[in-house]
Amino acid sequence: MKVKKFHFIFFLSLLIFCCFFKKINFQIEEKEEIKQIEEGPRSLETVAVEKYGSRIPMRVGVEKAMIHFIHDISVLKNCQELDISENLFKDVNVVTTILQGMPSLQFLNLSGNDFQNSPVFIDSNDLPEFNSLKEIVLNRCSISWENIQKMLKFTPELEHLHLSGNHYSTIELQEIQLPKLNLLHMGDNDIGNWSEFWKLSNLPSLSSLILLQNPITSIHYNDDKKSSFPVVSSLVLNETNILGWESIESLSCFPSLLDLKLTKVTFLEEYPEDERRKLTIARIPSLKSLNSSQISSTEREDAERFSFF
């Protein structure tokens, strides 16, 4: 009885301590938010120096810092990676300001800044090419296709492009040469028509295409020569609205497809997990991995035998 009472008191004390600690943390975070609001919007270099001191590192992360403008970008001129997501930038021309002042920049994250009402880029024909930039993240920032089009003209060496959560229902890219782009993340948009994604089929180096959480209902491969999506080896279609096996079978036409992620698709959820895995593997002979699980030669033989019967 004494042991039970001791345990009860111990756990009660632990619970009280956790609640108290959580309250203290909340109060600290709340005070920090109030402080930032009272200080108002701040410059990128001011926040960076406050965080890192006079020795700015190669990787700078100043997210959610109420940053509104850039005054002297030279403070960050040697940086190679910059994360300024969830701040208060509203003009996409901040991209050119950053690239002009940070010639070694390879990675830029601007997610969560609101560019919905941004003016267009200053004429990109007057800008030099910024060949150092390899990856840009523009998730949840409502950037227009017009501005993406202009940006891609002066970042020809881009390898990774992230455009998730921007409520796109179409893809509006015209005559853009992206010879090095190998990863495109377009998850959590509103694109339901596969013909929109087909506009990307001629990108010569695109190997990873991430389309999860788009309302895609069907997939068609409209190229008898199998020259479209030539090197796409990884495709993510989780949480799409694909309606039947015909769309799954069309994936077998992708000439280089090795890795497929296909979870939380309603029509597949109607099958037991083991059965839907076998039926999917049997329909796409080139697959080496399904839903992050390797496909052994034995598993493929079993799947093809199961599907045949």
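Which residue in β7 does V137 stand opposite? The answer is H162, and the strands here, like the helices, are DSSP runs numbered from the N terminus (helices are H or I with at least four residues, strands are E with at least two). Keep in mind that this is a predicted model, where local features need pLDDT of at least 70, side-chain atom pairs count only at pLDDT 80 or more, and totals for chains, interfaces and linings use all residues. Residues are numbered from 1 along each chain as its sequence is written, and side-chain values use heavy atoms, with hydrogens and water left out.

**The whole chain**

- The protein chain has nine helices and 13 strands.
- Of its 309 residues, 44% count as buried (buried means under 20% relative accessible area, exposed over 50%, partly exposed in between, with a 1.4 Å probe and protein chains only).
- Take the contacts with a separation of 6 or more: 66% of them join residues 24 or more positions apart. A contact means heavy atoms within 4.5 Å.

- Eleven strands make an open sheet with mixed pairing, in the order β2-β4-β5-β6-β7-β8-β9-β10-β11-β12-β13.
- At the edges you'll find β2 (59-61) and β13 (293-294), each pairing on one side only. Two strands pair if DSSP finds at least two bridges between them.
- β6 and β7 pair in the parallel sense, over three bridges.

**Helix α4**

- Helix α4 spans residues 145-153 and is mostly covered, with seven of its nine residues buried.
- Those buried residues are W145, N147, I148, Q149, K150, M151 and L152.
- What do they pack against? They sit against β6 (135-137) and β7 (160-162).

**The nonpolar core**

- The largest nonpolar core has 81 residues, and L108 and L237 touch the most other members. Such a core is a set of buried Ala, Val, Leu, Ile, Met, Phe, Trp, Tyr and Cys residues joined through side-chain atoms within 4.5 Å.
- Leaving aside neighbours within four places in sequence, L108 is in contact with L82, I84, V95, I98, L133, E135, I136 and V137.
- As a general rule, nonpolar side chains in soluble globular proteins tend to be buried together.

**Rings and charges**

- A search of the whole structure finds eleven aromatic pairs. Rings of Phe, Tyr and Trp (its six-membered ring) pair if their centres lie within 6.5 Å; planes under 30 degrees apart count as stacked, over 60 as edge-to-face and the rest as tilted.
- F130 and F154 form an edge-to-face pair, 5.7 Å centre to centre with 85° between the planes.
- This pair links distant parts of the chain, 24 residues apart: F130 is in the loop between β5 (107-109) and β6, and F154 is in the loop between α4 and β7. Both F130 and F154 are buried.
- Why is the pair of W194 and F197 tilted? Their ring centres are 5.9 Å apart and their planes are at 50°, so the pair counts as tilted.
- Both W194 and F197 lie in helix α5, three residues apart, or about one turn of the helix.
- W194, F197, W198, Y221, F229 and F254 form one aromatic cluster.
- The charged end of K278 sits over the ring of F306, 5.2 Å from its centre, while the charged end of R283 sits over the ring of W245, 4.3 Å from its centre. To count, NZ of Lys or CZ of Arg must be within 6 Å of the ring centre and within 35 degrees of the ring normal.
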